Amino acid sequence: MAEREQIKKPSPRENEQVAEEAPAGSESGEKLKAELDDLLDEIDDVLETNAEDFVKSYIQKGGQ
Amino acid sequence: MAIPKVVGVETELGIMVRGTNEWNPVSASSLLINAYVGSETGTLDDRTSPVAWDFIDETPGADARDYMAPEFAMPPEVETHLVNAVLTNGARYYVDHAHPEISTPECRDALSAVLYDRAAELIAVDSMERAAEVLPEGQEIVLYKDNSDRKGNAYGCHENFLLDRAVPFGQIVTAATAHFVTRQIFTGAGKVGSELPGMGADKIPYQLTQRAEHFEEEVGLETTLKRPIVNTRDEPHADSQLYRRLHVIVGDANMSQVATFMKVGTSSIIFAMLEDGAFDRMHALGEPVVAMHQVSHDLSLAKPLRMDDHTTATALEIQADILEQAESWAARFGLESVGGDTVGRMILDRWRTILEGLERDPASVADQVDWLAKKRLLDGFRERHDCDWGDPRLRALDLQYHDLRPGKSLASRAGLETLVDDADAHVAKHEPPSDTRAYFRGKCLQKFSANVVAANWDSIVFDVGDDPLRRVPMLEPTRGTLEHVGTLLDESPTVVELLEKLGA
């Protein structure tokens with residue numbers, strides 16, 4: 001999907017190229033990926049357990 | 001010449017009570033706010049005085065288009081019977097319809113607005129904690145800083161800007177519409193799915209904004225149904241000969257401080273440019289409401305919008321041209337109106353960085369733009385758990401991004417850049433800005449709370465014992481600052497002396 005491509009981290013191949021030209025960029029790419037993995041671990045921990053009921057019960061009437 | 005762009009942000013929060021099915025949002029909101037204000041000294045609330053917020057100047061039915069609202073239109077109602085408190089930082093904290101709402105004090109620039117918006121989040125966190133102390137065991141009030149329940153019900157995050165009344169309203173409509181529709185590319189808070197009829201997850205899996213789909217009109221007075229892109233509520237809360245207050249209802253509530261900064265900052269510049277007559281080119285959209293939805297639905301940021309002159313342009317192109325004109329305006333007129341060189345330059349530079357980032361690689365601004373920060377989490381989650389867009393866990397993640405509980409908030413874990421220190425925001429829960437009339441309001445509440453019987457945006461009513469109540473008007477939003485009244489307040493040990501010195 002196009003929109004998914006946009007958000008994807010650089011592929012390993014691109015990373016290598018970046019690494020040759022600008023090591024700092026690659027490091028930050030790797031760091032971002034590691035951060036996202038940690039973040040997803042954390043999300044798995046804190047995400048509401050019964051997602052379906054939670055989403056269904058979220059009703060907010062009477063707003064501007 | 002452009003006048004100071006005094007600004008405030010009002011945020012209606014989503015509310016849920018966990019641990020019971022027997023609750024209603026009005027009582028829960030009241031309990032929440034009472035739990036907070038009851039523990040704050042100096043705060044003016046319904047329980048310590050018969051009148052807290054003073055409704056005398058509230059006329060939300062007044063229409064900026066200079067004619068009466070048509071009969072079928074629904075002017076917003078002012079609810080005077082619900083909890084309504086004024087805080088010592090100059091903010092208003094109240095129950096609006098069925099939501100808790102916090103209005104920041106008047107701020108002099110976009111960065112100050114970010115500080116007080118963050119302070120409002122921290123007030124919400126304190127409120128949840130204090131409510132937990134009075135709720136039965138196992139129950140909890142949870143607040144969400146979002147704008148939609150994803151079931152067709154929306155609630156607002158409104159910005160308010162001080163404008164020179166001399167600017168013709170028609171010009172405001174054209175410039176504001178183009179900006180409000182296209183700024184969504186960096187102000188959107190992101191939403192899984194669509195609330196439009198017949199639009200399933202297959203058609204619109206994810207979109208830029210929470211609010212866009214809830215707008216049906218171009219210009220109008222309503223805020224709760226048939227919402228208009230440009231709201232015409234004409235209630236200046238200031239000298240109505242000189243000023244209008246543009247009540248902006250199109251925005252999403254942002255978790256990203258950069259997004260709040262850009263939402264407020266770029267709009268301040270647009271309005272200052274109008275006052276300076278600095279637009280060489282206006283971007284009149286052909287179908288603003290269609291464009292509003294289209295921008296929100298277009299994750300590629302590439303689809304052209306139809307302009308009034310039958311040409312087309314993308315939101316990015318329109319934003320880039322507005323920025324170019326804004327740079328010329330800044331060079332010619334200076335940045336004093338939007339808070340001075342430092343903040344003004346920060347807005348313009350960040351505007352360029354974000355537009356260039358969105359053009360080149362949107363993921364590069366995922367630490368600044370909410371819809372991209374959220375999308376990064378959603379995409380990561382989808383990949384890890386191999387789920388499609390209809391999965392309820394993605395909808396839960398979408399909601400929980402906006403959860404204000406520190407232990408549950410996903411936005412606070414999403415790597416968003418911050419612009420203000422939390423230490424300063426904690427101070428701002430209690431201390432007003434020093435550079436608007438909010439200073440006078442907040443300081444009077446801190447120092448003379450026993451004598452203040454009512455306050456609103458443009459006046460304070462004092463009780464000085466046997467004499468009649470004394471109303472001190474504050475019709476000029478840029479007066480009543482530390483510079484103006486700091487010494488006066490310091491040298492007035494009692495409210496009687498203060499009023500004498502003021503000549504009130």
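Chain A has four helices and zero strands. Helices here are DSSP runs of H or I with at least four residues, strands are runs of E with at least two, and both are numbered from the N terminus. Along the sequence, the pattern of chain A reads α-α-α-α. Of the 64 residues in chain A, 30% are buried, where buried means under 20% relative accessible area, exposed means over 50%, and partly exposed lies in between, with a 1.4 Å probe and protein chains only.

Before I go on, what you see is a predicted model, in which local features need pLDDT of at least 70 and side-chain atom pairs count only at pLDDT 80 or more, while totals for chains, interfaces and linings use all residues. Residues are numbered from 1 along each chain as its sequence is written, chains are lettered from A and ligands numbered from 1 in the order in which they are written, and side-chain values use heavy atoms, with hydrogens and water left out.

Now to helix packing in chain B. Two packed helices are described by the angle between their axes and the distance between the axes. The axes are lines fitted to C-alpha atoms, for helices over the stretch in contact, and the angles run from 0 to 180 degrees between N-to-C directions.

Take helix α1 (residues 25-37) of chain B, which packs against α2(B) at about 100 degrees, with the axes 8 Å apart. That makes α1(B) roughly perpendicular to α2(B). The cut-offs are these: under 35 degrees is roughly parallel, over 145 roughly antiparallel, 65 to 115 roughly perpendicular, and the rest oblique. On the α1(B) side, B:Leu31, B:Leu32, B:Ala35 and B:Tyr36 make the contact, and they meet residues of α2(B) including B:Ile123, B:Met128 and B:Val134. Contact means heavy atoms within 4.5 Å.

Helix α2 (residues 110-134) of chain B also packs against α5(B), at an angle of about 135 degrees and with axes 9 Å apart. The two helices, α2(B) and α5(B), are therefore oblique to each other.

B:Phe440, B:Cys444 and B:Phe448 of α12(B) make the contact with B:Val495, B:Leu498 and B:Leu502 of α14(B).

What covers the buried residues of α13(B)? The cover includes α12 (438-448) and α14 (495-502) of chain B. In α13 (residues 482-490), the buried residues include B:Val485 and B:Leu489. Helix α6 (residues 288-297) of chain B is mostly covered as well, with seven of its 10 residues buried; B:Met292 and B:His293 are among them.

Next, the aromatic rings. Rings of Phe, Tyr and Trp (its six-membered ring) pair if their centres lie within 6.5 Å, and planes under 30 degrees apart count as stacked, over 60 as edge-to-face and the rest as tilted. By this rule there are six aromatic pairs over all chains. In one of them, B:Phe180 and B:Phe271, the ring centres are 6.4 Å apart and the planes stand at 75 degrees, so the pair is edge-to-face. B:Phe180 lies in helix α3 (residues 169-182) and B:Phe271 in helix α5 (residues 257-275) of chain B, so the pair ties together parts 91 residues apart in sequence. B:Phe180 is buried, at 2% relative accessible area, and B:Phe271 is buried at 1%.

A second pair is B:Tyr206 and B:Trp389, with centres 5.7 Å apart and planes at 20 degrees, so this pair is stacked. B:Tyr206 is in strand β9 (residues 206-207) and B:Trp389 in the loop between α9 (370-385) and α10 (392-400) of chain B, so parts 183 residues apart in sequence are tied together. Both B:Tyr206 and B:Trp389 are buried.

One aromatic cluster is formed by A:Phe54, A:Tyr58 and B:Tyr144.

Last, a residue in a loop. B:His214 is in the loop between β9 and β10 (215-220) of chain B. Is B:His214 buried or exposed? B:His214 is buried, with a relative accessible area of 8%. Leaving out residues up to four places away in sequence, B:His214 touches residues including B:Ser148, B:Lys191, B:Glu195 and B:Arg227.
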